[in-house]
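Subject: Structure handover

Hello,

Here is the structure I promised you. Please have it open while you read the notes below.

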Amino acid sequence: MGENGVVNVVSRDEGLRLQAEDMTEAELLRNVIELAERLGYLVAHVREARGQMLTGLPDLIICGYGRLFFWECKVQSLAKGKVTLDQAVWLRAASRVPGVDARVVRPLDLLDGSVERMLRVTPDA
């Protein structure tokens, strides 16, 4: 409730935007992984490890149903959720492979249903 007992009404879009701004990268990753696995995909969560040449490799590699996704998860804020040069190189290279979906995924993409639609769409649709 706002001042003077007035209820503040927030539009659906504004509510989603506010939720998206509050979501951490870890929460986004967990939710996208859970969704993809529930839909029957294999999911690899790539974590940087010392001594391994993984620099820039996107956070998630999702595979199934004849489809392949390279997704880099970032927070909603473009100032805080910047893609590194190495990540951009990987995403650009992967996006040039026919049939590969390579992109940056942000909380609003999950909350507005875009992530689920991308995973549910078949290549023949």
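How many aromatic pairs does the count come to? The count is three. The rule: rings of Phe, Tyr and Trp (its six-membered ring) pair if their centres lie within 6.5 Å, and planes under 30 degrees apart count as stacked, over 60 as edge-to-face and the rest as tilted.

First, the ground rules. This is a predicted model, in which local features need pLDDT of at least 70, side-chain atom pairs count only at pLDDT 80 or more, and totals for chains, interfaces and linings use all residues. Residues are numbered from 1 along each chain as its sequence is written, and side-chain values use heavy atoms, with hydrogens and water left out.

Aromatic rings

Tyr41 and Tyr65 form an edge-to-face pair, 5.1 Å centre to centre with 80 degrees between the planes. Tyr41 sits in the loop between H2 and strand E1 (42-45), and Tyr65 in the loop between E2 and E3, so the pair ties together parts 24 residues apart in sequence. Helices (H or I, at least four residues) and strands (E, at least two) are DSSP runs, numbered from the N terminus. Tyr41 is buried at 5% relative accessibility. Tyr65 is exposed at 55%. The cut-offs: buried is under 20% relative accessible area, exposed over 50%, partly exposed in between (1.4 Å probe, protein chains only).

Tyr41 also pairs edge-to-face with Phe69, at 5.8 Å centre to centre and 80 degrees between the planes. Phe69 lies in strand E3, so this pair ties together parts 28 residues apart in sequence. Phe69 is buried, at 1%. Tyr41, Tyr65, Phe69 and Trp71 form one aromatic cluster.

Nonpolar cores

A nonpolar core is a set of buried Ala, Val, Leu, Ile, Met, Phe, Trp, Tyr and Cys residues joined through side-chain atoms within 4.5 Å. The largest has 19 residues; Val32, Leu60, Ile62, Trp71, Val115 and Leu119 have the most contacts inside it. Helix H2 (25-38), strand E2 (60-64), strand E3 (67-73) and helix H5 (114-120) each give two or more residues to this core. H2 gives the most, with six. A second, separate core has eight residues, including Val46, Phe70, Leu91 and Ala102.

Cysteines

The search of the whole structure found zero disulfides (cysteine sulfur atoms paired within 2.5 Å). Cys63 is partly exposed, at 38%. Cys73 is buried, at 0%.

Best wishes
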